[in-house]
Amino acid sequence: MNKFRWVIFSAVLLIITLFSTGIYLFYSEIDKEELNFVHKYFVNSAFNKFEERISNLTPDAAVIVNYDSLFNSLNYFELKIVGKIFTINPAELGFKGKKYPTGGIVTLHKIENRVLGSAKKIETGINYLPVHIFRDYERMANAMEKELGKRLYIDSGYRSPGRQAYLFLKYLINSNDYSLIENAKWIAMPGYSEHGSSTTTAIDFISESGINGFTDNQTAKDFESLQEFQWLTENASVFNFFMSYPPNNKDGVAYEPWHWHWEGEIKNSYPTISEAN
Ligand SMILES: [Zn+2]
């Protein structure tokens, strides 16, 4: 009898301890080096909700998903944790870049999915660019093709803040230790990506042969050794494109020879950008 009571007592004590530890961990500060396991749990479940929401959209709409509609799909706990993560100032994660204007600007031009590479196929997925940037890209790609007989394609263009939030969590849960500091070296927080800038949007380029510098064990060196890259370094500025992250850049971002942003004078005004709900 006493033994039975003791077992019940221990079990209750254990449950109380686990419960209060859970609550303590839930409300504790976000560890930027490695999320605690309660935070990991809710980041995972939030990501699954994001995926579910996105899977209900058409492929065209999924890549420019609206930020609020993603966050509206979260419950109290997920929202609390993911909200805390996205209100961290990226400077605290070692990111020295700036915030970009993301709202009401230009018409987006849609770029269809492309299958590139020979032995191994890589798909670019559907992409978008503000019209003024797409025009300059076309002019540049045509000029390159005329000289080299090959062109660069768009692996990633404009990303809505919702898309950026989704990608940030995707990278985070695929990393070993859920380190926000490590993650911030590779992917910007929503609002801090040049891909989300509505006026100076960046493009990640990929070659006809499927070289983008980061997929399938590729490194920056693979992209750097492309003839197309050499051509960019000599000619891109004529078309208003500039490499954003050379080695040891001031923004604290890894060297990205494939990532070029547009910077120029917008001559015409366009109707407001539209995001998918
Ligand atoms: Zn990029």
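Which helices are included in what covers the buried residues of α2? They include α3 (59-62), α4 (67-71), α5 (76-86) and α7 (161-174). This is a predicted model, where local features need pLDDT of at least 70, side-chain atom pairs count only at pLDDT 80 or more, and totals for chains, interfaces and linings use all residues. Residues are numbered from 1 along each chain as its sequence is written.

**The whole chain**
- The protein chain has ten helices and eight strands (DSSP runs numbered from the N terminus: H or I of at least four residues for helices, E of at least two for strands).
- Buried residues make up 34% of its 277 residues; buried means 20 or more other C-beta atoms within 10 Å of a residue's own, exposed means 12 or fewer, and C-beta atoms are placed from the backbone.
- The C-alpha trace spans about 90 × 40 × 35 Å along its principal axes.

**Helix α2**
- Helix α2 covers residues 37-55, and its 19 residues should span 27 Å at 1.5 Å a residue, which agrees with end C-alpha atoms 27 Å apart (the expected span is 1.5 Å times one less than the number of residues).
- H39, F42, A46, F47, F50, R53 and I54 are buried in α2.
- Down the axis of α2, those buried residues fall within an arc of 145°, so they line one face (the arc is that of the directions from the helix axis to the C-beta atoms).
- On the face turned away from that buried side sit the exposed F37, E52 and S55.

**Strand β4**
- Strand β4 (residues 127-130) is covered on both faces: N127 and L129 are buried on one side, Y128 and P130 on the other.

Terms used: Contact = placed C-beta atoms within 7 Å.
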